[in-house]
Amino acid sequence: MTVASTLVLTAEDEAKLSGERGPGVAMAMRIVVALARVSEATKLIDVESAHIDSCLYHGQAGLDFAEKLVRLGARVSVPTTLNVSSLDLMHPGLVRLDAEESAAARRLMDAYVALGARPTWTCAPYQIESRPEAGTDVAWAESNAIVFANSVLGARTARYGDFLDACAAVTGRVPLAGLHLPAERVPTLAVDCSDLPAHVLESEAAWAALGFLVGRIVGEEVSILTGINPASVDEDRLKALGATAASSGGVALFHVAGSTPEARAAGSAWPPDGIRSTVVTREMLTAARNELTTAATDASLDAVSLGTPHFSLTEFEKLAELLREPGDFVLPVWISTSRAVLQQARERGLLEALEAAGARIVVDTCTYLVPILADSVRTTMTTSGKWAWYAPANMGIQVVLGTLAECVASARAGRVIRDDSAW
Amino acid sequence: MTQRGDGRADGIALCAGEADGELLRLDEPLSFWGGTDLATGVITDVHHPQCGASLAGRVVVMSASRGSSSSSSVLAEQIRSGVAPAAMLLATRDAIVVLGALAAAEVYDVRMPILLTDAAGIPRSGRVRVSAGEDSGVVLWDGCGTSAAV
């Protein structure tokens with residue numbers, strides 16, 4: 001057996017690989033080229049931007065890698081954003097890591113800034129300016145960012161992850177493979193959602209539950225959701241769907257008929273003739289919510305966590321609307337967001353009622369990744385399917401999935417409040 | 001040359017290197033991030049059939065990794081600290097696993113071989129040698145192993 005593909009490099013690729021563009025570029029190019037061979041790509045292509053997830057501290061190796069790139073003189077060659085880190089630099093002391101790990105996490109952040117990446121520190125780079133345009137090739141890492149870029153923005157990114165994200169940013173080149181190829185972006189499975197009532201699809205949590213089902217059903221395939229009124233679709237909902245589908249499955253691209261860019265462009269040609277089809281029912285959606293809910297709903301509730309992926313400006317607006325009705329939170333309410341969105345929310349006066357009610361803001365990182373919630377927290381309610389998927393294992397916290405309105409009501413009551421009409 | 005009674009499986013090299021170790025066959029895909037202990041290489045994913053088993057020093061047979069791409073960093077860190085698998089035999093071209101090994105090779109010059117190979121004929125347990133070059137590679141074992149295909 002031999003490697004079947006023949007990778008053809010340009011003269012400039014060869015120059016990068018041979019060290020003519022510096023040893024840092026050569027190191028990055030060796031990894032890009034090795035991955036091109038693994039993915040059987042025949043050539044490399046340019047990317048217009050990169051989003052790096054390697055800035056989250058997972059141990060010495062990631063730090064050694066980034067600092068080696070810096071030491072060898074590498075710089076990003078395309079506009080590059082940075083995903084969440086392990087620290088909240090605006091609220092020092094909020095993240096309870098030991099001093100040694102905090103210092104290493106900070107060094108990792110500094111290394112990526114030294115490479116020339118923007119200190120955005122968000123898993124939702126699609127919520128800040130200069131988003132990629134439809135049809136452009138980008139190198140984005142982090143599963144929710146990837147699925148959003150592909151599905152909602154219509155940009156093209158393969159499933160980039162740690163190390164390759166940085167190497168793509170430095171070289172500006174990626175293998176022509178995976179979801180960069182138009183043929184790989186055509187749906188192979190239709191998911192009929194016409195049983196889901198419009199009023200149920202009014203909550204992000206319902207879209208998270210739908211995403212959980214989609215991930216389970218499609219795995220890594222490209223699906224098209226049908227039977228959803230475009231009026232029910234917004235970016236927060238697609239964010240919730242994608243993030244959860246990328247957790248429960250390996251979804252990196254989905255389409256929503258009539259709503260997402262490629263499905264709109266394809267029109268009545270999609271779903272393509274002859275592809276498999278499956279139905280999602282309202283009962284399945286409730287069952288998905290119940291499966292993501294690991295805690296007993298009559299158990300005591302200790303906290304509420306919002307903003308995984310990072311809370312958007314429109315989510316702050318939706319929350320502010322719910323807070324027009326007075327009532328303090330008796331439970332800690334944590335909201336993870338980006339510095340950029342926080343600034344916008346503050347400018348628009350969306351934070352005052354929130355802070356008065358007792359909510360606490362986290363930036364630069366996320367509550368399911370690093371210890372921020374009190375050690376005594378056993379059960380947390382969240383709108384986020386991704387938080388619900390990962391927090392039990394990551395943080396040892398049991399979860400109740402609920403709508404934003406249910407979370408607010410529960411935070412005020414100090415126990416789980418369900419509104420079954422929302423499901 | 002294969003000796004009489006010995007086993008051999010050929011594969012495509014996804015990452016070059018030489019290693020030997022005891023086989024550990026995973027019955028489901030595994031996420032290194034969130035599914036293994038960073039410091040020990042023990043599988044911690046309670047939903048995984050091999051939860052509690054240690055990957056350290058084993059020749060791990062699995063179809064693919066799953067979940068977060070942070071798994072690349074976790075694997076690289078486990079390679080650095082010596083608790084990673086000795087080698088991996090995969091059924092898919094799993095970029096996440098390969099990247100962890102490539103990064104460790106760049107920074108630490110430690111090479112964990114990864115082969116794309118059909119595991120059906122490889123024993124379920126026992127000691128094997130994995131040898132991966134630039135393009136192709138091979139898994140070798142003695143004739144005493146029990147074939148997983150039985």
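Me: How many residues does the contact take from chain A and from chain B?
Reply: This is a predicted model, where local features need pLDDT of at least 70, side-chain atom pairs count only at pLDDT 80 or more, and totals for chains, interfaces and linings use all residues. Side-chain values use heavy atoms, without hydrogens and water. Contact means heavy atoms within 4.5 Å. By that rule the contact takes 29 residues from chain B and 31 residues from chain A.

Me: What area do chain A and chain B bury between them?
Reply: Buried area is the accessible area (1.4 Å probe) that two parts lose on being put together, summed over both. Carbon and sulfur atoms carry 63% of it here. The total for chain A and chain B is about 2,600 Å².

Me: How many residue pairs are in polar contact between chain A and chain B?
Reply: A polar contact is a pair of N or O atoms within 3.5 Å; within protein, one must be able to donate a hydrogen and the other to accept it, and residues adjacent in sequence count only if both atoms are side-chain atoms. Both residues must also be at pLDDT 80 or more. The count between chain A and chain B is 9 residue pairs.

Me: Which element gives the largest share of the side of chain A that touches chain B?
Reply: Helices (H or I, at least four residues) and strands (E, at least two) are DSSP runs, numbered from the N terminus. The elements giving two or more residues to this side are α2 (23-38), α3 (60-71) and α14 (385-395) of chain A. The largest share is 7 residues, and it comes from α2(A).

Me: Which residue forms a salt bridge with E40(A)?
Reply: A salt bridge is a side-chain nitrogen of Lys or Arg within 4 Å of a carboxyl oxygen of Asp or Glu. The rule finds 2 across the interface of chain A and chain B. In the one at E40(A), the closest N and O atoms are 3.3 Å apart. The partner is R93(B).

Me: What is the phi of E40(A)?
Reply: E40(A) is found in the loop between α2 and β1 (44-46) of chain A. E40(A) is not a glycine, yet its phi is positive. The value is about 60 degrees.

Me: Why is strand β12 (residues 359-363) of chain A largely enclosed by the rest of the structure?
Reply: Buried means under 20% relative accessible area, exposed over 50%, partly exposed in between (1.4 Å probe, protein chains only). Strand β12(A) is largely enclosed because, of its 5 residues, the number buried is 4.

Definitions and conventions:
Residues are numbered from 1 along each chain as its sequence is written. Chains are lettered from A and ligands numbered from 1 in the order in which they are written.
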